[in-house]
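Good morning. Please look at the structure on the screen while I go through its pockets and cavities.

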Amino acid sequence: GRRRTSKNFYGFFLCPLRNLCVLCVRLFGFLFKLGSSVCWASANSYQINRIMTFQTLRCERANGIATITFDEPGSPVNTMCLAWQDDLAELLAQVLKDQDSIQGLLLTSAKSTFFAGVDLKSVMRLKATDAPAVFEGIERVKHHFRMIETLGKPVVSCLNGSALGGGWEVALVGHHRIAIDDVKIQFGLPE
C-alpha cells in the first residue's frame with residue numbers, strides 16, 4: 001500500500017467524523033465483536049442515528065459507534081473546565097442508558113490540539129478554602145474516566161494534536177490511541 005505523508009494523514013483526521021469512525025472501526029475491528037462476527041463499517045453503510053450536543057462536547061452515534069468530540073467554545077484548546085465536567089457526566093448517563101446499542105466509543109477533538117488538561121485560569125483563582133470542592137471535582141472526573149474504561153466497549157482516542165497533563169489522562173482513557181504523524185505534537189505529563 002501507499003504510505004501516507006504527515007500532511008495527508010493530518011488532513012484525513014480533519015475530514016468529517018465519518019472518516020474517523022471508519023478508520024478506527026477498521027483498525028480495531030477485532031474489538032467490535034458481536035458474537036462470532038466482526039462489525040465492519042464501510043463508507044457505503046454509514047448512517048447517523050443520533051446527535052447530542054452539549055456546551056463543551058457533542059456526541060454523534062452512527063453504526064453503533066459513539067463519537068465524542070471535545071469542543072470548548074471560546075477557547076483555542078479543550079480544558080477540564082466545570083462545564084466540561086458537567087457535560088461529561090450528562091453524556092455518560094446517556095451512554096449508560098444506551099450501552100446495549102453502542103459497540104464502541106471514539107474520543108476526538110474539534111481543536112488543533114486534542115486536549116490541554118486542567119483549566120489553568122480557574123486554578124489560578126483558587127484559594128485554600130476551595131480545597132474540598134477541588135478534591136470532589138477531581139474524584140468526580142476520575143469516576144467518569146473509570147466509567148468509560150469499564151463500560152465493556154472499546155474506546156479509541158483519536159489524537160489530532162497535543163495531549164498534555166490532564167489532556168494526556170483523557171487520551172489514556174481510551175483502550176487504544178491513534179495519533180497523526182507530526183513532530184510538533186507532544187504527549188505526556190509535563191508537571
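I will start with how elements are named: helices (H or I, at least four residues) and strands (E, at least two) are DSSP runs, numbered from the N terminus. What you see is a predicted model, where local features need pLDDT of at least 70 and side-chain atom pairs count only at pLDDT 80 or more, while totals for chains, interfaces and linings use all residues. Residues are numbered from 1 along each chain as its sequence is written, and side-chain values use heavy atoms, with hydrogens and water left out.

Next, the spaces. On a 1 Å grid over the protein atoms alone, a cavity is a set of points where a 1.4 Å probe fits but cannot get out; a pocket is an open set with protein on both sides within 12 Å along at least five of seven lines; lining residues have an atom within 4 Å of a point. Points are joined across faces, edges and corners, and a volume is the space filled by probe spheres set on the points.

Cavities, then. The whole structure has 2 of 30 Å³ or more. The second largest cavity holds about 30 Å³. Its lining consists of L92, V95, L96, M147, I148 and L151. Which helix gives the largest share of that lining? It is α3, with 3 residues; α5 also supplies at least two.

For residue classes, Ala, Val, Leu, Ile, Met, Phe, Trp, Tyr, Cys and Pro count as nonpolar, Asp, Glu, Lys and Arg as charged, and the others, Gly among them, as polar. By that scheme, the second largest cavity is lined by 6 nonpolar residues, no polar and no charged.

The largest cavity has a volume of about 50 Å³. At least two lining residues come from each of β5 (65–70), α3 and α5. The class count is 9 nonpolar, no polar and no charged.

Now the pockets. The largest pocket contains about 710 Å³ of space. Of its 22 lining residues, M80, Q85, V118, V134 and I138 lie nearest the centre. α5 (131–149) is among the helices that supply at least two residues, and α5 gives the most, 9. This lining has 11 nonpolar, 4 polar and 7 charged residues.

Last, the second largest pocket, at about 310 Å³. It is lined by 18 residues, with V77, T79, V118, D119 and L120 closest to its centre. They divide into 8 nonpolar, 6 polar and 4 charged.
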